[in-house]
Amino acid sequence: MSISILCAVLFIGFAAALQSEPITQDQRMEWWRRSRFGLFIHWGLYAIPAGIWKGRSIPGIGEWIMYSAKIPVEEYRKLAKQFNPQKFDAKAWVELAKTAGMKYITITSKHHDGFALYGSKASSYNIVDATPFKRDPIRELAEECHKQGLKICFYYSQVQDWNEPGGYGNTWDFPVQGDFQKYLDEKVKPQLTELLTEYGPIGMIWFDTPYNITAEQAQSLKDLVRRLQPACIISGRLGGGVKTDYISTGDNVVPGSMIATDWEVPATLNDTWGFKVEDHSWKSPRQLTIILFDIVAKGGNYLLNVGPTAEGVIPAESVAILHKMGEWLSVNGESIYGTEASPFQREFSWGNLTRKGDKLYLGFYQWPAGEFYLEGLLTRVEKAWLLADPDQKGLAFQQTLDPSAGRPRLSLHLPQQGPDEAVSVVVLQLTGEPMVQQGLFQSGDGSVLLPGVLGKISRAGEEAQLNFGSRTGGSDGWLDPAIAIDWDFHLEKPGRYRVDIITMETGQHGDPAWVGGHTFEIHSAASLQGVIRADEREYSPRAHYWHRIHTHAGCLTYNRPGSQHLRLQPLSINPEQKPDGQPGFTFKEIILTPED
Ligand code: H79
């Protein structure tokens, strides 16, 4: 036996031995953590009506048209006879994802309407058996992904199925809920088995709407996926309280702070997932790039959606946006792929940071005018440069690390203009792993930021909870005025400070909602009382469609430097709710600004 054959045999034996080892969670998540950016595809029969049924525009998301227009099963199923997407081109779709800098594709194998986008033997209501198209686009896409080195993942609606009496959701055809267990056994499990055995290695199964399923039922789906493909990731929305491989935020919801686990934001380019001919509310590539950077800086993944037409074409607007993002990533991808969350557990008004080993990447959503300061970094900087600069010309900087000189501070001399209109990235090469002074400190400009997510939340002296998970980062559902937030912070410069309370607009794009009129008390150096009102509106780069609303709450004078405390206590919360707005006090943060 030659050495090379011997080596090959040994290697195969070794690989087989490795395979029989149970896969660890870190191994399962490895590709996903490196990827950071994926393409979501919502495609199905709903692309034919594209938001319009019998001449009437149906409000809401496109793939929900059967539900929103209460279309009877018999009528909706007829759409299959028209589904013939001759322009579908798996190679082009995968190439688009690659050009956009995306590393995985998650496509709807079966959405809530119950129609399978692949050749399923478990249900003839599928693209191969029920349409004139007869091809299996899921197979073509999976093969193309395997060829082009992307992970293929399948969205599968496990609870809702409007085509089946046992599935949830269709109350117009099936006013009495059918046998859900039977539906699980006869449709869901056989179909998941097909998807996990006939299409090669699957990156993940993306379950959705985790309601109306018991812990046992959810566990049995998890067990099935684990048994068939142990390396396949299970998305956050399985249900039944069963732990999955990562957290999925709400649709289009970017959390206000870091989450210390794996998580992903599923999001749309306009307002729909499935194609809608009348939806033109495209987000700008700049906005989407900021969101991408912000998500990665908080430790998450971004799954961004396209809704192809009934012909099989990805809308030109979507293609143009994704090309732009790809251009940005081709220059700045180093600050995204394989990076970790910012070591600072807070947002900055200028942008955010990502980290890889001994490097920090500062992503500027707004280019600072003049000198730029970063406080709290305890590790020495060796070199700073613009990521977009191929020569990596060093930027001048000064760093104060001597504790007797006060807070550690890096000051950077930046050029007049940033290299990118979306997010400009500065690289800091450090002498070691970044160490950061945690806690709430005064910034270089003298301001103090007290974010809700970093405060201590209590109710009548007991620990309490508020949810800052809304897409704008403001608190969601703060209706109880007995809840208070406390902060301890450090002040270097005594003096008089203006107090701004920031609340967030919410609501729908194009129709923002905001409710004020809550009354509050602030206790710190002195006590202030007031009413939440819109004294100033400010554009928020993180949540493009919604403004940050400032309430000028008055002034506080601190006579000495050092440790300080501030408490925000609502006295009353206005219960009014605007259509589609969030109820309650949509509090984001307090800002203290020195009054010179
Ligand atoms: O697959 C996409 C959505 O179809 C799915 N999740 C993402 C990834 C989703 N399932 N449920 N929802 C989203 C929320 C549903 C909201 C609704 Fe409505 C409000 C359904 C009925 C009222 C929006 C407005 C849709 C119809 C009217």
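A: Strand S23 (506-508) gives the largest share of the lining of the second largest pocket, 3 residues. Strands and helices here are DSSP runs, a strand being E with at least two residues and a helix being H or I with at least four, numbered from the N terminus. This is a predicted model, in which local features need pLDDT of at least 70 and side-chain atom pairs count only at pLDDT 80 or more, while totals for chains, interfaces and linings use all residues. Residues are numbered from 1 along each chain as its sequence is written, and side-chain values use heavy atoms, with hydrogens and water left out.

So what is a pocket? On a 1 Å grid over the protein atoms alone, a pocket is an open set of points with protein on both sides within 12 Å along at least five of seven lines, whereas a cavity is a set where a 1.4 Å probe fits but cannot get out; lining residues have an atom within 4 Å of a point. Points are joined across faces, edges and corners, and a volume is the space filled by probe spheres set on them.

The second largest pocket has a volume of about 750 Å³. It is lined by 36 residues, and Asp251, Asn252, Arg471, Gln508 and Trp546 are the closest to its centre. Besides S23, strand S9 (263-267) and helix H10 (285-297) each give two or more residues to the lining. By class, that lining has 12 nonpolar, 15 polar and 9 charged residues. Nonpolar covers Ala, Val, Leu, Ile, Met, Phe, Trp, Tyr, Cys and Pro, charged covers Asp, Glu, Lys and Arg, and the others, Gly among them, are polar. The pocket lies between domain 1 (3-10 + 26-330) and domain 3 (448-594), because both give residues to its lining. Those domain bounds come from an automatic or database domain assignment.

The largest cavity holds about 170 Å³ of space. Among its 19 lining residues, Gly256, Ser257, Gln345, Arg346 and Glu347 are the closest to its centre. That lining splits into 7 nonpolar, 7 polar and 5 charged residues, and domain 1 and domain 3 each supply at least three of its residues. The second largest cavity comes to about 80 Å³. Of its 14 lining residues, Asn270, Thr272, Trp282, Gly307 and Pro315 sit closest to the centre. Its lining has 6 nonpolar, 6 polar and 2 charged residues.

A few loops are worth a stop too. Lys54, in the loop between strand S2 (52-53) and strand S3 (56-57), has a positive phi near 50 degrees without being a glycine. Lys70, in the loop between helix H3 (65-68) and helix H4 (73-77), also has a positive phi, about 50 degrees. Most residues other than glycine have a negative phi. Lys54 counts as exposed because its relative accessibility is 68%, and Lys70 counts as partly exposed at 39%. The cut-offs are under 20% relative accessible area for buried and over 50% for exposed, with partly exposed in between (1.4 Å probe, protein chains only).

Ile573 is buried, since its relative accessible area is 12%. This residue is in the loop between strand S29 (562-572) and strand S30 (587-594).
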